[in-house]
Amino acid sequence: MHAEPQPVRPIRDRVAEPIAITGIAALFPHARGVSEYWQLMRHSAPGCGCEDTSDEASSLDDLEIDVARFGIPPAQRGSLNHMQVLMLEAAAQCLADAGYQQRSSPPERTDVVCATSFGLDRQLANALRIEAVRYTRDLEAALSAPDGTFATDAREAADELRAQLVHRLGGSPHDRVGEMPSSIPARIAAAFKLHGRTVCVESADASSFTALAAAVASLRVGQSDAVLVIAGQRKESALLERALDAKGLFQPDAHPFAASGHGLRPGEGVSALLLRPLSSAQRAADRIYALIRECTLTHQARPGVFRYSTSVQRRHEVAEAAHQAAGVQPSTVQYVECASASIAPLVRADLNALGDLFAHRLPASIAIGSAQDRLGHTIAAAGLAAVTKAALALHHRQLPAHAACANAEPLDLSGTAFRFTRATEPWLCPEADLPRRAAVLGSSLTGTLCYLLLDEHVPTRPIPGARPLPSAAAARKIPPIAILAAAGRFGDTRDADDFWQAALQPGDRLSALPDALLDRDLYFRPGSTGLSHTYTQLGAALTPPEQPPSALHIIPRRYAAMDPVQRVVLDVADQLLAPYRTGELTLRGRGLIVIGSSLSLSRERQLNAALALPQIEEAVRELAALRHLTAEDRDAVVKLVRERFAGCEELLGPTALDGYLASGAAALIANEYRLAAAPLAVEAACASTLAALDLAISALRSGSADYAIAGGVELPCNTRDLVLCSALGLLSPTRITPFAAEADGFTPGDGCALFLLKRQPDCGRDDQRVLGLIRGIGASNDAKSLIAPDAEGQARAMRQAFGQVDFDPAAVGYLEAHGTGTRVGDRVEIEATKQVYGAARRDEPLRIGTAKAAFGHSFAAAGGAGLLRALCALRTATFPPTAGAHPPNPTLDLRAIPAEIPDRPHPWPSPPGRPRRAAVSSFGTGGIDYHLLIEEPGDANR
């Protein structure tokens, strides 16, 4: 199937209001603040711009940060991932740079959008610590040979190794929360009392651009008053460089403009920008560094292994689209910052595309540079590092110096419109009273292309025809978003219809997990808590497919290298896109694919554990319990254990990185089904699916996308998640029973759900069937505890959703609740519901239910199960039952709403004079709250 790019539109008479950059932070190995960053960029130097490129000199590990000042409880400090500490510091510096230490706090509706790529240190360490439990068992077994070969106390040696690994890898009951990427923006929100959205996104080396695009869309549709965007990258382990090398993309001496560049040199760093609409920034008398005029994404979909696009045409299209949307002529750009990887064909494609765009410019009239000549390729942070450099250049009115190639021939720019600035020089004012203007161009391993336009801020110069951002009242007039298709698999169900039939049954789909997912002898300890075992063995496991969808041509070796999450997503996407795959319907224009995910897939953690095996073996050789053995005997022990431990070792091949990239699930849909849709993954804890929908809705409402696929996936029925959740006491020792008197925790369940979205007016033109309409979505953060739920925060998200629609809570007949099955969680959720839904006079009780009662808690996919169930309820006019909720907990004040929890399916009568309406709640660890309002379509669209 194909989706053609959006036809180029003429430059608009009225353009959207620019977005002001009012605060900047930069933390890099050779620049520990925004002033140092600018000095690093403006001083010319050979090579990468730094004399010492050793691992120690190119790291942020020596940066001392006092986390106590961020209000983090001592019990949680040991579980923090290091990126969280760095981003907290960057947030503090950025807000201080914007002036919020000297005056009022940032607006309450300030979103925090973080961008990272690949696993964080705490995620990798937790997985290795749990996997090492198996290694110590195998060591004990190897030393317990019946013939007494090693004459060693096997238990003593195993205990000694276990203690060493726990000391080295750490371990805390809070590890499950501390390792989550979304804990980073949530912690920032709590530290600075910000009540907007808090999400973490990933799209390989387009991560920064997708974060910026999401921020701009949210501001332009009036969902937020300000957005703090933070992007970071660390060298968490040797895995990334090894995987890049296996893919032929690792080049230790890479320079962005080397004629022979064939790879990238990963670098570390964190950048942050605070964004506000220009008008509100001016009212607040903010210092404005620069203006974002437009941020545009496109995607070149090509089946097969992930690879960078070298298409000149696609680069030209994305740049031209940005200029048209901003109402800016290409001839006015004076500086270009390249954020693409240092691969010569990519950089040549960038220059050729821009050369075509700037066809009538004089030779050497446009300065060109790249922050990567000093920083290396900071992957997730690369785009933000580039934008930061361009914004500072505009602010200081200086063109920064280019760091020349020290050991390679540079690209030849003779005869082109571009030139390198050998030394920092004044940025002369352009003719015709125009502002200084810069462009930033980037690309991603998955095929995404990005273009961003920046203007200098000149207070006295208005933007011609600028269209102000919508007010809250105007938000009520925004057209609904249509859900055109839905697909999903949860537990043992095969598809959405099977899911709904199972949801109508009175019982649940929970059972003892298969041995392949849980080694009971090693990890199952009923009635006991600890850091290395689980007290429950129940779940709703999903069996990933063993073959790709028949319509796709994926070679077996590549399919085998995919994480199970990616294989499940492809299977569900094939169901979702069936009418489009057969040519019955088509998807036109620019698309977006957003998948809620954990952002660190099991495949990555397994590969990292395999690479760490030699370090564990070295620790074995140095055990005090084995000192009496000869070196040869210790080597023999190591060899014997390795043979027993064969399940962990993996080979790193060219497709390994593709198979563990979290956004790879979205990229697979785009590439294999040939959709011109930018792919990204988003993590917002257990609210990840609704966060994905929220990003898609903002993109559709702002006009930056014409269609979107959004959803979520997670497979938490695995040893690692069971152990980590047991350590914090989150799991039920028996089974999940939401809203019941005996509720004592949740049971994990695997699942995936995907939804196809378009603006409703566009559906009429295309004569497409509509399953349901999204009328409003609210999102907020409690800005309190990372663990304890908060009724006011949940109610705030509900009120935001109703602020976007023309009906009140009494018009909603069914609420698909979050329903975690914890006493505190259930009580707080009902209290929040009472605050909002109980405030309106109801003729009928609100029916409440939750998919978790039957299918368990699917973490990132949980909101997808809830929306799928609510859509089926609307389609069949049936209130579904909630298994195990009867009798309801008498302390829940359901009568104050009033509300009922059905124990069997009930008909849903049609309300007089209006459509049936439902709501979906999704709340995540870290105080993340979402509330979605949907309604059935008109009769003509069913």
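Modeller: Before we start, helices (H or I, at least four residues) and strands (E, at least two) are DSSP runs, numbered from the N terminus. This is a predicted model, where local features need pLDDT of at least 70 and side-chain atom pairs count only at pLDDT 80 or more. Residues are numbered from 1 along each chain as its sequence is written.

Biologist: What makes α5 oblique to α21?

Modeller: Their axes come within 10 Å and cross at roughly 130°. Under 35 degrees counts as roughly parallel, over 145 as roughly antiparallel, 65 to 115 as roughly perpendicular and the rest as oblique. So α5 is oblique to α21.

Biologist: Why is L599 called buried?

Modeller: Buried means under 20% relative accessible area (exposed is over 50%, partly exposed in between, with a 1.4 Å probe and protein chains only). L599 has 4%, so L599 is buried. L599 also has a positive phi of about 70° although it is not a glycine, and its place is the loop between β19 (591–596) and α21.

Biologist: And how do you know that A783 counts as buried?

Modeller: Same cut-off: A783 has 2% relative accessibility, so A783 counts as buried. A783 has a positive phi as well, about 60°, without being a glycine.

Key:
Side-chain values use heavy atoms; hydrogens and water are left out. Axes are lines fitted to C-alpha atoms, for helices over the stretch in contact, and angles run from 0 to 180 degrees between N-to-C directions.
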